[in-house]
Amino acid sequence: MTHAWARAACSHPALSGIPRAHVCELLEELAPKWQASRESALRERCGGDRRRAAGAGPSRKLVFVDRLLVTLVHLRLGLPHAALAELYGVDRSTVSGEIREFRPLLASRGFAVPGRPGVRLRTLEDVFAYAEAEGVSLRIDGTEVQVRRPRARRPGRKAFVSGKKKQNTFKTTTFSDDQGRTLVSGVVRSVRTHDQTAVRTEGIAEKFRCRPKAKAEVDEGHRGLATEFPAQVSAPPKKPKDDTPLGEHHAWREQRRRQTSERICVEHTNAEYKQWRPLQRFTGRRETYTETHLAIAGLASDRSARRAIHRKPSTKLLLARQAAC
């Protein structure tokens with residue numbers, strides 16, 4: 001089996017998860033970053049400038065495009081490294097090393113901005129600055145992914161046990177716009193941490209305090225935000241008591257239905273991540289979960305940002321500027 005045949009197979013959207021045109025864009029985007037990181041690592045290892053000309057030393061068994069493709073296929077389908085190595089006719093350690101090298105590059109890309117080619121969001125400050133500048137109403141929700149449980153008598157064996165699934169899971173917070181397009185996802189935390197506690201520790205409440213024009217739709221788990229910022233955050237209405245008139249129950253159902261229809265798009269955003277096998281059930285090392293989630297969410301945001309927008313973007317966008325609280 002030749003590398004050309006393996007390259008043609010792995011570049012198919014059914015295996016890589018993205019169109020071939022998107023793969024070409026990734027090659028142009030990641031090549032300079034990889035070269036810079038490679039030179040920096042060599043300089044740090046040697047303690048100074050390179051002692052041999054560029055290209056000297058043993059040649060790599062996989063070219064740059066093949067290294068990117070094996071990483072994409074592993075992220076999309078969760079194929080074992082040994083299977084990808086057999087496909088290319090190389091050793092398993094070769095594939096493992098390339099994935100470890102390219103996964104951080106994909107994770108550091110950030111998230112695409114709808115209607116703003118070349119601009120990417122990376123932090124919560126970027127998201128809230130974008131929402132305030134563009135008048136976008138945020139949708140906030142969390143999603144759980146089951147991970148491997150540590151061995152017996154190892155630390156952390158019970159630290160990530162979910163009360164709902166009774167399994168070790170990680171939970172991430174997702175921010176989307178009113179059309180279900182990813183803005184930021186990947187604030188990873190233990191699932192035993194309640195959503196309202198995460199709001200404090202992750203600084204989400206502070207961002208609403210600093211950005212009084214930012215608005216959001218949340219679920220029942222983030223009701224504390226709606227209580228603290230009633231003019232900015234909308235949560236489902238509280239259920240009336242059983243002895244209240246029947247008309248109030250009907251009004252409550254209608255209000256809840258309308259609020260849910262406004263917020264449900266972020267559930268669809270989380271469902272896009274579940275199309276990638278590692279985020280259905282993560283079987284790798286838990287130390288690499290954050291990188292994996294950021295890489296997949298960034299690729300999903302590229303696809304969602306290409307959807308047609310139903311609003312006209314403003315002429316000016318300022319990101320990550322310090323706002324006076």
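This briefing covers the salt bridges, a charged surface patch and the cysteines of the structure above. The model is predicted. The structure contains 20 salt bridges, and the disulfide count is 0.

**Salt bridges between distant parts of the chain**

- Asp141 pairs with Arg263 in a salt bridge whose closest N and O atoms are 4.0 Å apart. This pair links strand E3, which holds Asp141, to helix H11 (residues 246-263), which holds Arg263, across 122 residues.
- Asp141 and Arg263 are both buried.
- Glu228 and Arg209 form a salt bridge at 2.5 Å, N to O. Glu228 belongs to helix H10 (residues 223-228) and Arg209 to helix H9 (residues 204-210), and the two are 19 residues apart.
- Glu228 is partly exposed because its relative accessibility is 32%; Arg209, at 41%, is likewise partly exposed.

- Glu254 and Arg258 meet through their side chains in a salt bridge of 2.9 Å, N to O.
- Both residues lie in helix H11, 4 residues apart, which is about one turn of the helix.
- Glu254 has a relative accessible area of 30% and is therefore partly exposed, whereas Arg258 reaches 52% and counts as exposed.

**Positive surface patch**

- Arg148, Arg151, Arg154 and Arg285 form a positive surface patch.
- Arg151 sits in the loop between strand E3 (137-146) and strand E4 (169-176), and its relative accessibility of 63% makes it exposed.

**Cysteines**

- Cys10 is buried, with a relative accessible area of 0%.
- Cys265 is also buried, with a value of 10%.

Definitions and conventions:
Residues are numbered from 1 along each chain as its sequence is written. This is a predicted model: local features need pLDDT of at least 70, side-chain atom pairs count only at pLDDT 80 or more; totals for chains, interfaces and linings use all residues. Side-chain values use heavy atoms; hydrogens and water are left out. A disulfide is a pair of cysteine sulfur atoms within 2.5 Å. Buried means under 20% relative accessible area, exposed over 50%, partly exposed in between (1.4 Å probe, protein chains only). Patches are made of residues with over 30% relative accessible area and no salt bridge: like charges are joined within 9 Å, nonpolar side chains (Val, Leu, Ile, Met, Phe, Trp, Tyr) within 5 Å. Accessible areas come from the Shrake-Rupley method with a 1.4 Å probe; for residues, only the protein chains shown count as cover. Lys and Arg count as positive and Asp and Glu as negative; His and the chain ends are not counted. The place of a charge is taken as NZ of Lys, CZ of Arg, CG of Asp or CD of Glu.
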